[in-house]
Number of protein chains: 2
Amino acid sequence: MKSKLLLALLTTTLAAGTAVAQVKVEDAIKFRQSGYGFMAWNMARIKANVEGTYNKEEVIKAANVIQAIANSGMGALYVPGSDKGKGWEETRAKPAIFTDKEKVGKVAMAFNKEANEMAKIAATGDAAAVGAQLGKLGDTCKGCHDDFKAKK
Amino acid sequence: MKSKLLLALLTTTLAAGTAVAQVKVEDAIKFRQSGYGFMAWNMARIKANVEGTYNKEEVIKAANVIQAIANSGMGALYVPGSDKGKGWEETRAKPAIFTDKEKVGKVAMAFNKEANEMAKIAATGDAAAVGAQLGKLGDTCKGCHDDFKAKK
């Protein structure tokens, strides 16, 4: 029942036990790797825009993706048994993400907050503000990776 | 320069040549596999909600993800040379996706239209309407897969 506790922490509105229960371990790992992988592209796009030629519309699209994924309730993908297993590749989730509920809740909330803020700032087209927010958002990614994602 | 033509078709507002040019073939393939992979979870979630216990908020989150990814400008990830290569796995993109610009534009536009519509309908919480729209949206996925994605 660990996943239910985690779920309650990470997503307050997601209905526990419906669609969630049907996701197989390998699929759950593949789906979460996909979510993080697609966010990586969009983080890189925002960075490239801030450091190179700034295109407001591209940054808005990228920020909207990150916001939607951040708010999608990915906590539901940390199903029981998915501490080990192969999605696209072997999971690098550390055991603590299944047990340290308080810290997981904290880093997840910090990430969601900064992702929502990024979408708001991207809409203004203010490149400098987007750059500053990218730093804050990146810190919340790193904050989770440091504790909960094993290095390659 | 094929990718630029494709890009112009798939995304009218994305700035060609900025961030895009910097994506390596292997990364581009991994990013697009991630995008499709994450959408697969969210399509499955909507299906599970329609067929089981319906949770409005979960469906909204899933539909928002699909909409954001559909509008993200993934055409930019079909960089030159990425007709072959390994991201998470060997690409299954058929050669035609790099050459049949007219059809690619058509299926991409159909997908975007139905993804945007799904987000609108999800917001209403009308489970039957969401179910009907899921069929239309799924048809646009299939429409692209049939022509442009090799079977396993």
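What rotation superposes chain A on chain B? A rotation of 180° with 0.0 Å of shift along its axis does so, at an RMSD of 0.0 Å, when the copies are fitted by least squares on the C-alpha atoms of residues with pLDDT of at least 70 in both. This is therefore the relation of a two-fold axis. In chain A, Ser34(A) has the C-alpha nearest the axis, 2.0 Å from it.

The model is predicted, so local features need pLDDT of at least 70 and side-chain atom pairs count only at pLDDT 80 or more, while totals for chains, interfaces and linings use all residues. Residues are numbered from 1 along each chain as its sequence is written, chains are lettered from A in the order in which they are written, and side-chain values use heavy atoms, with hydrogens and water left out.

**Interface of chain A and chain B**
- Counting heavy atoms within 4.5 Å as contact, 36 residues of chain A are in contact with 35 residues of chain B.
- The copies meet through the same surface, because 97% of the interface residues of chain A are also interface residues in chain B.
- The two chains bury about 3,000 Å² between them, 69% of it on carbon and sulfur atoms; buried area is the accessible area (1.4 Å probe) that two parts lose on being put together, summed over both.
- Phe38(A), Trp41(A) and Trp88(A) supply 23% of the area that chain A buries against chain B, more than any other three residues.

**Salt bridges**
- A salt bridge is a side-chain nitrogen of Lys or Arg within 4 Å of a carboxyl oxygen of Asp or Glu.
- Glu51(A) and Lys47(A) form a salt bridge through their side chains (3.3 Å, N to O).
- Both residues lie in helix H2 of chain A, 4 residues apart, about one turn of the helix.

**Helices H2 and H5 of chain A**
- Helices are DSSP runs (H or I, at least four residues), numbered from the N terminus.
- H2 (residues 25–51) and H5 (residues 127–148) of chain A pack at an angle of about 145°, with their axes 10 Å apart; axes are lines fitted to C-alpha atoms over the stretch in contact, and angles run from 0 to 180 degrees between N-to-C directions.
- Residues making this contact include Met43(A) and Lys47(A) of H2(A), and Leu134(A) and Cys141(A) of H5(A).

Definitions and conventions
Helix = DSSP H or I, 4+ residues; strand = E, 2+ residues; numbered from the N terminus.
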